[in-house]
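Please read them with the structure open.

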Amino acid sequence: SGSDGSYHIRGLLPGAYQISVTASGFVILDSPQQVSLSLGDSLQVDFHGKGISNTFSGICSDERGGPIEGAQILLVADGDTISVETSADGSFTFENIADGVYSVWARATGYISEWVDDITLANNRPVTRSISLTPIVATISGRVINSKTGEAEGGAVVHLAGPVSLKDTTDAGGEYLFAELTPGNYVIKVR
C-alpha cells in the first residue's frame, strides 16, 4: 500500500476473490473480505484497523520483596526479543507490543534467572506481572587441622575476606561454616 494506506490491484479477471490485509502494528478488523468482479468493474474495498498498544509491566524484586534495580527483563516471541532494564524501584514497562503469547526472562547479577511462559497480550489491555528472583548464595566450609599433631583445632578463629568479611570460630571438631555468601572470590585465614 501507499503511505496513505491506499492500494491498487490491476489486471484481475472476472470472478470471486478474497482480499486479506495485514499491517504491522495494527489489527485489521474486517479482513478478509469477499468480492466479485464482472467485466469492466472497478471496486473500492476499504479495511479498518486499530493500532496495537498492548502494555506489559511489573516489578522485579528479590524473594523478600525488595526491588532489584538494573535487572534485565526480556520479552520473547517467535525468536524476536526486546528488553528493558528495571528502574530503582524494580519497575519495568514494555509499550506498544503486538498481540501474541510471550515468554519473559528476567536476569540480574547475583540472582538466579527466572523464565515465565504464556504471557498473553491482546486487545490493547495492559498486563501486569511481578517477577521474583532468588539470590545466588554460596557456602564455604571446612575443617582446621593442626599440621604438627594432625588433630582438629577447636576454638580456632577463621577469617573470611572478599565481597563480605566475616569470622567464625571452629567447633570442637575443628569445623567452620560461612553460609549465604554472595558469589565472588574469597580469602580464608586461620589465626
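This is a predicted model: local features need pLDDT of at least 70, side-chain atom pairs count only at pLDDT 80 or more; totals for chains, interfaces and linings use all residues.

1. In what order do the 4 strands of the open sheet with antiparallel pairing stand? The order is 7-6-9-11. Strand 7 and strand 11 (114–121) are the edge strands, and each pairs on one side only. From one strand to the next, the twist averages 25°. Strands here are DSSP runs of E with at least two residues, numbered from the N terminus, and two strands pair if DSSP finds at least two bridges between them.

2. Residues are numbered from 1 along each chain as its sequence is written, and side-chain values use heavy atoms, with hydrogens and water left out.

3. Within the sheet of point 1, strand 6 (residues 72–77) and strand 7 (residues 80–85) run antiparallel and are joined by 6 bridges. Glutamine 72 is placed opposite glutamate 85 in strand 7, and leucine 74 faces serine 83 in strand 7. The hairpin of these two strands has 2 residues between them, and aspartate 78 takes a positive phi near 50° there.

4. A second open sheet has 3 strands in the order 16-15-18, with antiparallel pairing. Its edges are strand 16 (166–169) and strand 18 (187–190); each has a single partner strand, so one side of each lacks a neighbour in the sheet. On average, neighbouring strands of this sheet are turned by 20° against each other, direction ignored. Strand 15 (residues 157–161) pairs with strand 16 over 4 bridges in the antiparallel sense, and valine 157 stands opposite threonine 169 in strand 16.

5. Asparagine 54 belongs to strand 5 (residues 54–62). Is asparagine 54 buried or exposed? Its relative accessibility is 0%, so asparagine 54 counts as buried (buried is under 20% relative accessible area, exposed over 50%, partly exposed in between, with a 1.4 Å probe and protein chains only). The side chain of asparagine 54 reaches the backbone nitrogen of arginine 125 at 3.4 Å. Leaving out residues up to four places away in sequence, asparagine 54 touches residues including Phe94, Asp99, Leu121 and Arg125 (contact means heavy atoms within 4.5 Å).

6. The aromatic residues deserve a separate entry. A pair of aromatic rings is described by the distance of the centres and the angle of the planes. Rings of Phe, Tyr and Trp (its six-membered ring) pair if their centres lie within 6.5 Å; planes under 30 degrees apart count as stacked, over 60 as edge-to-face and the rest as tilted. The structure holds 6 aromatic pairs. In one of them, phenylalanine 56 and phenylalanine 94 are stacked, at 6.2 Å centre to centre and with 25° between the planes. This pair links distant parts of the chain, as phenylalanine 56 lies in strand 5 and phenylalanine 94 in strand 8 (residues 91–97), 38 residues apart. Both of these phenylalanines are buried. The ring centres of tyrosine 176 and phenylalanine 178 are 5.8 Å apart and the planes are at 55°, so this pair is tilted.

7. Tyrosine 176 has a relative accessible area of 12% and is therefore buried. Phenylalanine 178, at 3% relative accessibility, also counts as buried. Phe56, Phe92 and Phe94 form one aromatic cluster.

8. Which ring does the charged end of arginine 107 sit over? The ring is that of tryptophan 105, with the charged end 4.5 Å from its centre. The criterion is NZ of Lys or CZ of Arg within 6 Å of the ring centre and within 35 degrees of the ring normal.

9. Glutamate 180 is in strand 17 (residues 175–181) and counts as exposed at 62% relative accessibility. Glutamate 180 touches Val137, Ala138 and Thr139, residues up to four places away in sequence not being counted. Glycine 40 lies in the loop between strand 3 (33–37) and strand 4 (49–51) and, at 76% relative accessibility, is exposed.

How values were computed. A polar contact is a pair of N or O atoms within 3.5 Å; within protein, one must be able to donate a hydrogen and the other to accept it, and residues adjacent in sequence count only if both atoms are side-chain atoms. Axes are lines fitted to C-alpha atoms, for helices over the stretch in contact, and angles run from 0 to 180 degrees between N-to-C directions.
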